[in-house]
Every structure is written in C-alpha cells, then in structure tokens.
Amino acid sequence: MSQSKTAGPVPEDKATEEEQPRSPREIRLVMVGLVVTMLLAMLDNLIVGTAMPTIVHDLGGAEHLSWVVTAYTLATAASTPIWGKLGDLYGRKGTFLTSIVIFLVGSALSGLSQNMNELIGFRAVQGLGAGGLMVGVMSIMGALVPPRERGKYQGMFAAVMALATIGGPLAGGFLTDHLSWHWIFYINLPLGVIALAVVTVTLKLPKIRSTARIDYAGAILLTVGITSLVLLTTWGGQQYAWGSKEILGLGALAVASLIAFCYVEQRVEEPMLPLSLFKNLNFTMVSIIGFIVGFVMFGSTVFLPLFQQTVQGASATNSGLLLMPMMLGMLVISLVVGQVVTKTGKYRIFPIVGTIVMTVGMYLLSTMGVGTSSFTSACWMVVLGAGMGFLMQITMLLAQNSAELKDMGVASSTATLFRTIGGSFGVALFGALFNNRVTDTMKEMLAGKPLPPGGMKDPSQMSLTELRQQPEYLQDAYNHAVSNGTHTVFLLGAGVAIIALAAAVFIRQVPLRGSGPAEKPAEASLEAAAL
C-alpha cells in the first residue's frame with residue numbers, strides 16, 4: 001500500500017481555505033446563500049409528498065408512484081460522499097455551485113414532465129444535485145468558521161430544519177391547490193438563483209488544483225453499496241417480502257460491494273473515503289450517534305402525524321404543524337448548545353445529555369394510547385425534540401473537528417450519509433413492526449365481529465374521511481391498532497437510542513479548532529482523540 005505525500009489538493013496560494021481569517025460581515029453575507037440552499041435541500045420531499053395524489057391524477061402511472069421519491073432519495077444518498085470528496089480535491093465553491101445548478105436543472109425539468117417516467121428520471125437528476133447541497137453548506141461552514149465559533153450560526157440551520165418540516169407540507173398544499181403541481185418544482189428556481197448569486201459574489205475561497213487521480217473504483221463500489229442499502233430498506237416488507245430473493249440479493253450485493261470498497265480504499269493514493277478517519281474515536285462515535293439520530297428522527301416524523309391524525313383526530317391538512325412541538329424543542333436547545341460551545345469550548349456533556357433525553361422522549365411517546373390528550377403528546381414531543389437539539393449540530397461539529405482540514409468535505413458528507421442511511425433503516429424497520437402490530441391487533445379486536453357489507457377494506461388504505469364513515473367498532477379497532485403500533489415503534493426507538501448513549505460516553509473532550517492561542521495544533525488534537 002503506497003500513498004503519495006504530494007498528491008492531493010494544492011491551493012494556488014500559501015493560505016488554505018480554512019486558514020484565511022474571515023470578517024463577521026463576510027460570514028453573514030455568505031450565510032444568506034447557505035441558508036437558502038439548505039432550505040432547498042430540506043423542503044423538496046416535504047413539498048412533493050403533499051402533491052403526489054394530484055401528480056398521479058394528471059400523469060397517470062400510479063404503479064410507479066413510489067419511484068418519484070425513491071429516485072430522488074437514491075441519487076441523493078449515492079452522490080453525497082462523491083460531492084464531499086470532489087470539494088476537497090477541486091475546491092468547495094466550484095463544486096457547491098455546480099450542485100446547485102444541477103439541482104435547479106432537475107427541478108425545471110421535473111416541472112415540465114409530461115409523464116411519470118420523465119418525472120422519475122428528472123427527479124433523479126434533481127437528487128444528484130441535492131446530494132451536494134447539504135454537504136456543500138456544511139463543508140463551506142467548516143472552511144469559513146472554526147468549530148469553536150460555529151455555535152453562533154448553528155441555530156440558523158436548526159431554524160431552517162424546523163421551517164422546512166412545518167412549512168413544507170403547507171407550501172406543497174398551497175402551491176398545488178392555487179397554482180398547479182408543477183410549481184412545487186418551479187418554486188426552487190428563484191430560491192436557487194438567489195443562492196447562486198449570493199454565494200458567487202460573497203464567497204471568497206482560493207482556487208484549488210489537484211494532482212491526485214479520482215478514485216473511480218471506490219466511487220462505483222460505494223455507490224453500488226449505498227444504492228443496495230437504500231433499495232433494501234425501501235422495498236423490504238413493502239414491494240418484496242424480507243425473505244425474498246430480491247431483498248436477500250440486495251443485502252448480499254451491499255455487503256460484497258462495501259467489503260470490496262474497504263479493500264480498494266486502503267490501496268489508492270487519494271481514497272474516496274479515507275478509512276483512517278475511523279481511527280479517530282470521536283469521529284467513529286459521532287458517526288454511530290448520527291446514524292441513530294437519523295433512525296429515530298425520520299421514524300418519528302413518519303409515525304407521529306399518523307397517530308395524531310388517526311387516534312387523536314387531528315387535521316391532515318396542516319400535518320406539518322403537528323410536528324411543531326418537536327421542532328420547537330429542537331430549535332431552542334440547539335440555539336442554547338451553540339452559544340455554550342462558543343463561549344466555553346466544552347461539548348462532551350451534550351452528546352451524553354442529548355442521548356439520555358432522546359431515549360426518555362422515545363419512551364414517553366411509547367406510553368401514548370387512545371386516551372392520550374394532544375397536550376400530553378405535545379409535551380413528550382418537546383422532550384424528544386430537545387434530545388435531538390442536543391445532537392443534531394454537535395455531531396456535525398465533532399465530525400468536522402475530528403478530521404484534518406483537507407478532509408472537511410469528506411467528514412461532512414460521511415456524517416450526512418450516516419444520518420441518511422440511519423433514516424432509511426429507521427423508516428423500514430419501524431414500518432415493518434408497525435404494520436405487523438396493526439394487523440395483529442385488528443385480528444384480535446375484530447374476531448367474531450360482523451364485517452361491513454361488501455367486506456372490509458384495509459383501514460390503512462382509507463382516507464380519514466372514509467374511516468370516519470365506517471362502523472364505530474371498526475374505527476375503535478383501528479385506533480387501538482395504530483396506538484399499539486406506535487407503542488411498539490417508539491419503544492424500539494428508545495432501545496436503539498440507548499446504543500447512542502453508549503457511544504456518547506466514549507467521546508473525548510478534544511480542543512476545538514479556533515479555541516485560541518493555547519489550543520493544540522489540529523494534528524495534535526486528532527492524535528489525542530485517536531484510538
């Protein structure tokens with residue numbers, strides 16, 4: 001195994017991107033473009049989801065409906081690590097602007113789609129660009145602002161996440177009802193142009209030229225592995241049985257490609273994902289925590305609104321507002337944590353407290369039943385949101401602080417990827433357990449009961465209006481079934497969150513870059529946290 005000491009990104013001037021001092025005014029101006037871009041990245045699927053029935057009505061092809069989301073998710077997940085590496089090799093500004101342009105082209109073409117196949121293909125193009133949006137935002141922040149100072153700005157990103165979660169479904173419904181479904185894609189264009197203009201004008205980073213060869217083999221193997229994992233979690237228990245040859249084949253392909261990827265990465269001079277990053281204890285631990293945060297967060301955002309709408313009778317029209325208590329808890333705690341880290345440079349306690357609070361929040365949500373009030377469930381959601389507020393930004397901060405400056409993009413993309421894959425696994429596993437529990441409960445409660453004329457339609461396939469028109473005993477059975485299903489889901493989530501707590505305990509307090517003159521050099525800090 002030979003690695004060149006000279007290959008890799010080489011700035012055209014002596015100062016690297018990260019070493020040049022930045023004025024607060026410059027950072028604030030760039031932040032406008034970064035915040036708008038992050039909003040683009042987070043809004044898309046939330047807006048698209050509410051318009052799906054209208055899209056199917058106009059374009060047909062209902063049998064391919066799931067691919068509108070799957071194509072975007074696959075392309076995003078697979079391209080995320082590649083964008084991170086390209087930014088490290090060839091400069092963050094250029095790759096970031098390129099990803100925005102690709103995203104906008106995909107958005108425009110999606111809005112112009114005339115049939116479902118075109119829409120699926122253009123959504124994949126959009127997803128390729130989206131893979132670079134979040135990574136670009138985080139790696140540019142890492143280039144502009146030392147970790148010690150980043151807490152001042154992380155509240156903005158938490159606010160964007162809350163705004164996207166709450167406002168996405170509202171915006172999607174409004175655009176679809178008052179304009180047309182095409183506008184859920186066209187709305188990206190003015191926002192993207194603003195982000196492009198702001199970043200182009202305000203972001204000043206030295207150009208980087210690289211003498212390293214791109215790790216094509218690693219990129220292909222990693223893409224195959226990620227694609228197999230996402231398809232496995234998307235199709236498992238839904239389109240194919242978990243024990244089917246298709247799912248088992250995807251699992252075998254994922255394992256084989258990822259093992260081959262690890263083999264290749266140890267033998268190329270500029271690996272797509274340097275495995276040496278995982279020799280750093282903090283980086284490994286926050287990767288585990290990030291996976292579990294994604295597992296818990298995405299699972300929660302799927303099943304909480306279902307419980308509130310079905311069991312508590314909340315309106316589906318404003319489904320984004322149902323998650324407001326959780327988003328509020330996340331936003332407030334994230335702001336507080338950011339300020340404390342900036343003032344003190346201390347952070348080790350936050351992953352520990354966050355994983356404890358997240359575990360407690362998931363357990364409290366598992367206690368909800370058919371008699372739980374909306375106020376009580378909102379309180380438990382605040383607890384869960386607070387736990388994630390301790391973790392969402394701090395995991396990215398520690399991932400970036402644990403990597404060398406030249407690997408900022410790879411560190412950011414890896415942290416993002418672990419959270420994405422965790423979310424895919426969370427939704428898949430939670431969904432399988434939820435469906436099984438609902439089915440079992442319905443069988444128990446309807447044993448010996450008369451069925452409605454014409455037979456019983458699957459309640460999970462009914463709209464809320466249709467469900468309310470069913471016999472009272474059927475409504476009651478389904479409410480109990482959903483309640484039991486969510487109990488199982490959140491109890492499992494609490495158990496998985498304990499793993500994150502175990503990982504958090506092993507995190508070490510290593511000085512954050514930018515802590516002042518007395519701080520150890522980055523290399524010494526990295527060695528201190530390494531195994």
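A crossing of two helices is called left-handed if the near helix is turned anticlockwise from the far one by less than a right angle. In this predicted model, α10 passes α16 in such a left-handed crossing, and the crossing of α8 and α14 is left-handed as well.

The setting for these helices is a chain with 17 helices and 2 strands, in which 54% of the 531 residues count as buried. Among the contacts with a separation of 6 or more, 83% are accounted for by residues 24 or more positions apart. The chain exposes about 22,000 Å², and 67% of this area is supplied by carbon and sulfur atoms.

Two packed helices are described by the angle between their axes and the distance between the axes, and the table sets out these values.

| Helices | Angle | Axis distance |
|---|---|---|
| α10 (residues 281-310) and α16 (residues 472-505) | about 165° | 9 Å |
| α8 (residues 216-235) and α14 (residues 408-445) | roughly 25° | within 8 Å |

Because angles over 145 degrees count as roughly antiparallel, α10 and α16 are roughly antiparallel to each other. By class, their contact has 20 nonpolar and 6 polar residues, with no charged residues.

For the other pair, the angle of roughly 25° makes α8 roughly parallel to α14. On the α8 side the contact is made by Ile-226, Leu-229, Val-230 and Thr-233, while α14 contributes Leu-417, Ile-421, Ser-424, Phe-425 and Ala-428. Divided by class, the residues of the contact of α8 with α14 are 7 nonpolar and 2 polar, and none is charged.

Conventions:
Residues numbered from 1 in each chain as written. Predicted model: local features only at pLDDT ≥ 70, side-chain atom pairs only at ≥ 80, totals over all residues. Heavy atoms only, no water. Axes fitted to C-alpha atoms, helices over the stretch in contact; angles between N-to-C directions. Helix = DSSP H or I, 4+ residues; strand = E, 2+ residues; numbered from the N terminus. Parallel < 35°, antiparallel > 145°, perpendicular 65-115°, else oblique. Nonpolar A, V, L, I, M, F, W, Y, C, P; charged D, E, K, R; others polar. Contact = heavy atoms within 4.5 Å. Buried < 20%, exposed > 50% of the residue type's maximum accessible area, 1.4 Å probe, protein only. Areas by Shrake-Rupley, 256 points an atom, 1.4 Å probe, with all protein chains shown as cover.
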